[in-house]
Every structure is written in C-alpha cells, then in structure tokens.
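Visitor: I've got the model open in my viewer and would like a quick tour. Can you take my questions one by one?

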Amino acid sequence: MDLEAFGWLLTEDGQQLLAAATRELENAGDDPLAAQTRLRRTAAPEHAAAAVTQATLRRRAREKFGADADRMYFTPDGLEQATRQRVAEHRAARLVAASTRTVVDLGCGIGGDLLANARAGITAAGVDLDPVRVAVAEANLAALGLPGAVMVADATTVDTSPFDVAFADPARRSARGRTFDVDDWTPPWSFVAALLSRDACVKVAPGIPHALVPAGVEAEWVSDHGEVKEAALWSGRLSTTARRATVIGVSGLATLTDEDDPGAPVRSIGQYFYEPDGAVIRAGLVTAVAAGVNGGLVDEHIAYVTSDESFRTPFARGYRVLDELPYREKQLRAALRERGVGRLTIKKRGVDVVPEQLRQRLDLHGEQEATLVLTRVAGSGTALLVAPF
Ligand SMILES: C[S@@+](CC[C@H](N)C(=O)[O-])C[C@H]1O[C@@H](n2cnc3c(N)ncnc32)[C@H](O)[C@@H]1O
C-alpha cells in the first residue's frame, strides 16, 4: 500500500468502501478474492484491493489488538512487527509507574507501543523512516481518539534529550528475512547500546544473549498466554533488577525477578513436576520457580522442576507424577498400550527425541489420553507419565 492509496482509504469514499469490504469479507467467509470481485462491480480495482486488504488485516489484527483492530489501520509488515496490545499496555504501565510523562518512540511503525503509551496518559511522540507507517500510526491515534504526534524522521538523528524516556523497537528483519545478528537491526545495536546510557526502554528479540545486556540494564522477558513474545531492556532509573520474567495469562500478570531467586538444588523426582513458562526459562529464573514450589531441578542443565508439593503458580504448569516408565522404546510402547493410551502428548528436554516421530513409531490406539515427559535425570534418559493438575 502506498501513501496515495492509504490517503484515499481515509476519505469518505474510502471509508464507505472499507465498511463494504468488511461486510463482504464476512459474507464471503473470509475469502478476500470473492470480496474483491464483488466490490469491483462498483469500485475501481485499486480501491477495491486497498479496502479488502485493510479489512483482511483488521481481522488478522484482532489477535494482537482485540476490538481496537476493527478501527485501526495496518500494513502487512507493520502488523507483523507491532507489539501486541497486552504487552504494550504492560510496558506503558511500567513507564507510568516510573512517573514517565513523555516518551519518544524511535521507529514507531504502525504504533503498537505508541498507542498504548498515549492511552496510558503519556505524551507520546513517534518517528519512523517509512512515510506509510507514519501515516498509519497517525491515523491509528486519530481512530482511537488518542493524542500524540508522529513524523517521518531517521531515529538516529533525533535529539531525545527533551523526553523523559526514549523507546526503540528496532526492526529485526533484513532483505533476507528475520535477522538474529544485532548489527543487522535497524537502527543497529550500536544505536541501541548508546540509547541505554540514558533512561530508555528497548524492545529486543527474546533470544538476546544475556552477555549482550550492558551492566546496570534490566532485561525483562515477557510471555503472553504461554508464548514468549519479546524481551525489553530497561536502563537508567527504569532498571529495577537484573533479570525479570513477566507472565501475562488468563489470571492477569505476574512478574518474577532475580531477587526472588535464592537458588535451588538438583533433586530426585518427587510427586509433582513443573514445566516453567518460557519467559522464566529465558530469564534464567528456573531455580526461582523451583524455590517457589519448595522443589528442585531434575538436572542442573534442564529447565524442569520437581517437588513433593503441589502449588499453583503462574510461572509454571504443574503436573502430578503418575509413574516412571521404561525409557527404552519397546518397553515404553508396551507400558503405554497396557494403560490403554491412544492420545499421547510428549514433552521433552535434554534428550534427543523428535516427539512426532516417536509418537508415530509408538503407534498407540487406546482410548486413554496421557502426557509423557522425556528428560535426563542424573545423566540417564527418563520417561515420566504425568497428569496436569
Ligand atoms: C519493529 S518496528 C516497530 C513496531 C512498533 N513498536 C509497533 O509496536 O508497532 C520497527 C520500525 O523501525 C523503523 N525504523 C528502522 N530504522 C529506523 C530509523 N533509522 N529511523 C526511524 N525508524 C526506523 C521501521 O520502519 C519500523 O517501522
């Protein structure tokens, strides 16, 4: 979508066609081609295409932006790169809790973070190199009735000193696709590192090596409903600990830091088994979870926890250990068949097993459902039959 097509979409005619495209998509069972064909009876092909694309993106965006998606605007890449609303709201709440009044968003994209900050009452200004994204971010502020300013500018030339906090979410995509090399980020790591010498927050990939996090900067890993979505680096007065795991789930938000981590021993398998959330694992806080359930690790290098006590914790999924089964495939098959297991969930860590392939080889047909954990305990492969509690 170019600037002209987007500008047209915001006109009265464009808005009517977008509304029509939304209805057609619903009627056409989400088939964009069918919707476009119908719209082209009365609209120019490029306008029909722009309207149907936008309506399709809005539907796709509901997963990230909930009901707001139906009023917002997107580009395909802008949507893919945007921070999901729940995560952006958490970040904005942290900024507000740290008495932040003004934020400059250095590479605001379509405005995922910008909108959350504006809604939280922070004066939010955004820049982006891409004029279409700037126009989309501006339209999103207007569509949601939020204050804020956006302009086309190169983030690396912006004077951030008038703002309480500088925020950046560098694009982690090169012409060759997603990039894991921090020097390929735009703006690059050198810009991020310099930014972290002031009060700043930088969203980074969850796989960021701990060694890259500068001293005194807090690294926070955030998961949303069980999936690790991002890490954020907090510097200056915004840094409150070294490592933090924030878990957003059905029952709200919970956070765990390295200060909550007294360490935990390796111990034998107890009556309960815990699978820590991905944010906890990335933050290196598995021992904090183990301590929290009065338990220990199944192995020094494996992110599984065991305990003799059952705890409900937002930081791990809990299971009752039902049985230890033979680790050898033939005997394992026999044991599972004996129990009438037909549907098997396989969890594994620290062992060289491909669950899909193993499931196929086991060839189970019973009526029962079961969860099997394959891991290493005291150096030996171990199979545990567990049940969620
Ligand atoms: C990952 S996206 C930001 C997404 C945004 N936080 C959101 O939630 O919608 C990164 C953005 O940085 C922009 N960008 C990359 N280099 C830039 C630079 N030097 N100056 C300004 N913007 C830049 C890209 O155009 C892209 O829109």
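Predicted model: local features only at pLDDT ≥ 70, side-chain atom pairs only at ≥ 80, totals over all residues.

Visitor: How many helices and strands does the protein chain have?
Guide: For scale, the C-alpha atoms fill a box of roughly 70 × 55 × 35 Å along the principal axes. Of the 389 residues, 50% count as buried. The secondary structure comes to 13 helices and 18 strands.

Visitor: What share of the contacts with a separation of 6 or more comes from residues 24 or more positions apart?
Guide: Contact here means heavy atoms within 4.5 Å. Among the contacts with a separation of 6 or more, the share from residues 24 or more positions apart is 66%.

Visitor: Where does the largest nonpolar core lie?
Guide: This core has 44 residues, and Leu-106, Leu-195, Leu-233 and Val-280 touch the most other members. Both domain 2 (79-240) and domain 3 (272-388) give residues to the core, so its place is between domain 2 and domain 3.

Visitor: What does Leu-233 touch, leaving out residues up to four places away in sequence?
Guide: Leu-233 is one of the residues that touch the most other members of the largest nonpolar core. With residues up to four places away in sequence left out, its partners are Trp-189, Leu-196, Ala-200, Cys-201, Val-202, Val-204, Ile-208, Val-213, Val-217, Glu-218 and Ala-219.

Visitor: How many residues does the second, separate core have?
Guide: You can find it through Val-52, Met-72, Ala-82 and Leu-141, which are included in this core. Its count is 41 residues.

Visitor: Which element gives the largest share of the lining of the largest pocket?
Guide: The pocket holds about 1,100 Å³ of space. Its lining has 49 residues, with Gln-81, Asp-169, Pro-170, Ala-171 and Arg-172 nearest the centre. Elements that give two or more residues are α5 (76-81), β1 (102-106), α7 (112-119), β2 (123-128) and β9 (227-234). The largest share is four residues, and it comes from α5.

Visitor: How many charged residues are in the lining of the largest pocket?
Guide: Sorted by class, this lining has 21 nonpolar and eleven polar residues. The charged ones number 17.

Visitor: What volume does the second largest pocket have?
Guide: Its lining takes in 24 residues, and Gly-226, Asp-277, Pro-314, Ala-316 and Arg-317 lie nearest the centre. By class, there are eleven nonpolar, seven polar and six charged residues. The volume is about 550 Å³.

Visitor: Is Asp-13 buried or exposed?
Guide: Asp-13 sits in helix α2 (residues 12-27). The cut-off for exposed is over 50% relative accessible area. Asp-13 has 53%, so this residue is exposed.

Visitor: How many Å lie between Asp-13 and Asn-294 in space?
Guide: In sequence, the pair is 281 residues apart. C-alpha to C-alpha, the distance is 63 Å.

Visitor: What does Arg-38 count as at 43% relative accessibility?
Guide: Arg-38 belongs to helix α3 (residues 32-39). Buried means under 20% and exposed over 50%. At 43%, Arg-38 falls in between, so the residue counts as partly exposed.

Notes: Residues numbered from 1 in each chain as written. Heavy atoms only, no water. 1 Å grid on protein atoms, 1.4 Å probe; cavity = no way out; pocket = protein on both sides within 12 Å on 5 of 7 lines; lining within 4 Å. Points joined across faces, edges and corners; volume = space filled by probe spheres on them. Nonpolar A, V, L, I, M, F, W, Y, C, P; charged D, E, K, R; others polar. Core = buried A, V, L, I, M, F, W, Y, C linked by side-chain atoms within 4.5 Å. Buried < 20%, exposed > 50% of the residue type's maximum accessible area, 1.4 Å probe, protein only. Domains from an automatic or database assignment.
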